[in-house]
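Here's a quick briefing to read alongside the model. Have the sequence and the 3D view open as you go.

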Amino acid sequence: MILAEKIVVIYTDGACSGNPGPGGWGALLQYNGKTKELFGGDAETTNNRMELTAAIEAINSLKRSTIAELHTDSTYVKDGITKWMANWKRNGWKTAAKKPVKNKDLWLALDDAISKHQIRWKWVKGHAGDPGNEKADELANAGMEKFKK
(Lines give C-alpha, C1' and ligand atoms only; values in the text may rest on other atoms or scores of the structure.)
Protein backbone atom coordinates (compact mmCIF):
# COMPACT_ATOMS: atom_id res chain seq x y z
CA MET A 1 0.00 0.00 0.00
CA ILE A 2 1.32 3.45 -0.92
CA LEU A 3 0.66 6.14 1.65
CA ALA A 4 -0.45 9.53 0.43
CA GLU A 5 2.30 12.11 0.83
CA LYS A 6 1.55 14.42 3.74
CA ILE A 7 2.71 17.95 3.16
CA VAL A 8 2.40 21.19 5.07
CA VAL A 9 0.67 23.86 3.00
CA ILE A 10 1.98 27.35 3.76
CA TYR A 11 0.71 30.74 2.61
CA THR A 12 2.88 33.79 3.29
CA ASP A 13 2.50 37.50 2.70
CA GLY A 14 4.14 40.79 3.53
CA ALA A 15 2.64 44.26 3.79
CA CYS A 16 4.04 47.75 4.08
CA SER A 17 2.46 51.16 4.66
CA GLY A 18 4.86 53.21 2.58
CA ASN A 19 7.92 51.49 1.16
CA PRO A 20 9.91 51.89 3.35
CA GLY A 21 7.62 52.33 6.29
CA PRO A 22 5.89 50.28 8.96
CA GLY A 23 5.38 46.73 7.77
CA GLY A 24 4.01 43.35 8.69
CA TRP A 25 4.30 39.72 7.69
CA GLY A 26 1.87 36.86 8.00
CA ALA A 27 1.88 33.11 7.49
CA LEU A 28 -0.82 30.48 7.48
CA LEU A 29 0.27 26.85 7.88
CA GLN A 30 -2.12 23.96 7.22
CA TYR A 31 -1.48 20.30 7.97
CA ASN A 32 -3.74 17.34 8.59
CA GLY A 33 -6.83 19.48 9.24
CA LYS A 34 -5.04 21.86 11.61
CA THR A 35 -4.01 25.47 11.01
CA LYS A 36 -1.40 27.69 12.59
CA GLU A 37 -1.30 31.47 12.15
CA LEU A 38 1.85 33.55 12.59
CA PHE A 39 2.42 37.27 12.18
CA GLY A 40 4.73 40.08 13.19
CA GLY A 41 6.09 43.36 11.95
CA ASP A 42 8.65 46.11 12.04
CA ALA A 43 8.47 49.89 12.48
CA GLU A 44 10.69 50.68 9.47
CA THR A 45 11.01 48.13 6.68
CA THR A 46 10.16 47.34 3.06
CA ASN A 47 7.58 45.13 1.43
CA ASN A 48 10.28 42.76 0.11
CA ARG A 49 11.79 42.37 3.57
CA MET A 50 8.37 41.50 5.00
CA GLU A 51 7.70 38.98 2.18
CA LEU A 52 11.03 37.27 2.94
CA THR A 53 10.46 37.39 6.70
CA ALA A 54 7.07 35.70 6.30
CA ALA A 55 8.67 32.77 4.46
CA ILE A 56 11.55 32.51 6.96
CA GLU A 57 9.27 32.59 10.01
CA ALA A 58 6.86 30.06 8.51
CA ILE A 59 9.61 27.59 7.60
CA ASN A 60 11.44 28.08 10.91
CA SER A 61 8.21 27.24 12.76
CA LEU A 62 8.27 23.70 11.35
CA LYS A 63 9.21 21.32 14.14
CA ARG A 64 10.86 18.58 12.05
CA SER A 65 12.19 18.01 8.56
CA THR A 66 9.15 18.48 6.37
CA ILE A 67 7.84 18.47 2.84
CA ALA A 68 6.00 21.76 2.37
CA GLU A 69 4.30 23.68 -0.38
CA LEU A 70 4.82 27.39 0.14
CA HIS A 71 2.45 29.78 -1.65
CA THR A 72 3.60 33.38 -2.06
CA ASP A 73 2.25 36.27 -4.09
CA SER A 74 5.78 37.71 -4.24
CA THR A 75 7.62 37.04 -7.49
CA TYR A 76 10.66 38.54 -5.72
CA VAL A 77 10.66 35.70 -3.18
CA LYS A 78 9.73 32.93 -5.61
CA ASP A 79 12.19 33.99 -8.33
CA GLY A 80 14.90 34.78 -5.81
CA ILE A 81 14.79 31.31 -4.31
CA THR A 82 14.10 29.31 -7.50
CA LYS A 83 16.05 31.26 -10.13
CA TRP A 84 18.55 33.75 -8.71
CA MET A 85 20.00 32.44 -5.45
CA ALA A 86 22.30 29.80 -6.94
CA ASN A 87 23.96 32.48 -9.09
CA TRP A 88 24.16 34.96 -6.21
CA LYS A 89 26.00 32.36 -4.15
CA ARG A 90 28.33 31.53 -7.04
CA ASN A 91 29.01 35.26 -7.56
CA GLY A 92 29.79 35.97 -3.90
CA TRP A 93 26.32 37.41 -3.24
CA LYS A 94 26.48 39.81 -6.16
CA THR A 95 23.78 40.24 -8.80
CA ALA A 96 24.34 39.66 -12.51
CA ALA A 97 25.09 43.41 -12.65
CA LYS A 98 27.86 42.84 -10.04
CA LYS A 99 25.97 44.80 -7.38
CA PRO A 100 25.48 43.50 -3.82
CA VAL A 101 22.28 41.48 -3.39
CA LYS A 102 19.66 43.50 -1.53
CA ASN A 103 18.36 41.93 1.69
CA LYS A 104 21.30 39.51 1.78
CA ASP A 105 20.79 38.95 5.51
CA LEU A 106 17.28 37.63 4.89
CA TRP A 107 18.25 35.59 1.83
CA LEU A 108 20.94 33.90 3.97
CA ALA A 109 18.37 33.25 6.71
CA LEU A 110 15.94 31.80 4.16
CA ASP A 111 18.67 29.63 2.65
CA ASP A 112 19.46 28.30 6.11
CA ALA A 113 15.77 27.73 6.93
CA ILE A 114 15.07 25.70 3.79
CA SER A 115 18.15 23.50 4.20
CA LYS A 116 16.29 21.20 6.60
CA HIS A 117 13.17 20.83 4.44
CA GLN A 118 11.87 20.04 0.99
CA ILE A 119 9.97 23.13 -0.14
CA ARG A 120 7.88 23.41 -3.29
CA TRP A 121 7.53 27.08 -4.20
CA LYS A 122 4.21 28.19 -5.70
CA TRP A 123 3.27 31.65 -6.91
CA VAL A 124 -0.32 32.76 -6.31
CA LYS A 125 -1.90 35.95 -7.61
CA GLY A 126 -2.39 38.35 -4.71
CA HIS A 127 -5.78 39.90 -3.90
CA ALA A 128 -7.51 37.48 -6.27
CA GLY A 129 -9.71 35.60 -3.82
CA ASP A 130 -7.42 32.69 -2.91
CA PRO A 131 -8.53 31.96 0.70
CA GLY A 132 -5.03 31.06 1.95
CA ASN A 133 -3.45 34.14 0.39
CA GLU A 134 -6.24 36.38 1.67
CA LYS A 135 -5.70 35.04 5.22
CA ALA A 136 -1.91 35.56 4.97
CA ASP A 137 -2.58 39.13 3.81
CA GLU A 138 -4.92 39.68 6.77
CA LEU A 139 -2.23 38.37 9.14
CA ALA A 140 0.45 40.60 7.55
CA ASN A 141 -1.78 43.63 8.06
CA ALA A 142 -2.37 42.59 11.68
CA GLY A 143 1.41 42.39 12.13
CA MET A 144 1.84 45.89 10.75
CA GLU A 145 -0.97 47.49 12.79
CA LYS A 146 0.94 48.24 16.01
CA PHE A 147 3.73 49.95 14.05
CA LYS A 148 1.46 52.35 12.14
CA LYS A 149 1.33 55.88 13.52
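Is N32 buried or exposed? N32 is exposed, with a relative accessible area of 55%; the cut-offs are under 20% relative accessible area for buried, over 50% for exposed and partly exposed in between, using a 1.4 Å probe and protein chains only.

Before going further, a word on ground rules. This is a predicted model, so local features need pLDDT of at least 70 and side-chain atom pairs count only at pLDDT 80 or more, while totals for chains, interfaces and linings use all residues. Residues are numbered from 1 along each chain as its sequence is written, and side-chain values use heavy atoms, with hydrogens and water left out.

**The buried side of α3**

- Helix α3 spans residues 104-114, and L106, W107, L110, A113 and I114 in it are buried. (Helices are DSSP runs of H or I with at least four residues, strands are runs of E with at least two, and both are numbered from the N terminus.)
- Those residues sit on the same side of α3, because they cover an arc of only 120° around the axis; the arc is taken from the directions from the helix axis to the C-beta atoms.
- Among the elements covering the buried residues of α3 are α1 (47-60), α2 (75-90) and β5 (118-123).

**α1 against α3**

- The axes of α1 and α3 come within 9 Å and cross at roughly 25°. Axes here are lines fitted to C-alpha atoms, for helices over the stretch in contact, and angles run from 0 to 180 degrees between N-to-C directions.
- α1 and α3 are therefore roughly parallel to each other (under 35 degrees counts as roughly parallel, over 145 as roughly antiparallel, 65 to 115 as roughly perpendicular and the rest as oblique).
- The crossing of α1 and α3 is left-handed, meaning that the near helix is turned anticlockwise from the far one by less than a right angle; clockwise would be right-handed.
- On the α1 side the contact uses R49, L52, T53, A55, I56, I59 and N60, and on the α3 side D105, L106, W107, A109, L110, A113 and I114. Contact means heavy atoms within 4.5 Å.
- By type, the residues of the α1 contact with α3 come out as 10 nonpolar, 2 polar and 2 charged. (Ala, Val, Leu, Ile, Met, Phe, Trp, Tyr, Cys and Pro count as nonpolar, Asp, Glu, Lys and Arg as charged, and the others, Gly among them, as polar.)

**α2 against α3**

- The axes of α2 and α3 come within 11 Å and cross at roughly 95°, which makes α2 roughly perpendicular to α3.
- From α2, residues Y76, V77, G80, I81, M85, W88 and K89 meet W107, L110, D111 and I114 of α3.
- That contact of α2 with α3 divides into 8 nonpolar, 1 polar and 2 charged residues.

**A closer look at W88**

- W88 belongs to helix α2 and is buried, at a relative accessible area of 8%.
- Leaving aside neighbours within four places in sequence, W88 is in contact with G80, W93, K94, T95, V101 and W107.

- N19 and P20 are joined by a cis peptide bond, with omega about 15°; P20 lies in the loop between β1 (8-16) and β2 (21-31).
- N32 is not a glycine, yet its phi is positive, near 55°; the loop between β2 and β3 (34-45) holds N32.
- N103 also isn't a glycine and has a positive phi of about 65°. N103 is in the loop between α2 and α3 and counts as buried at 16% relative accessibility.
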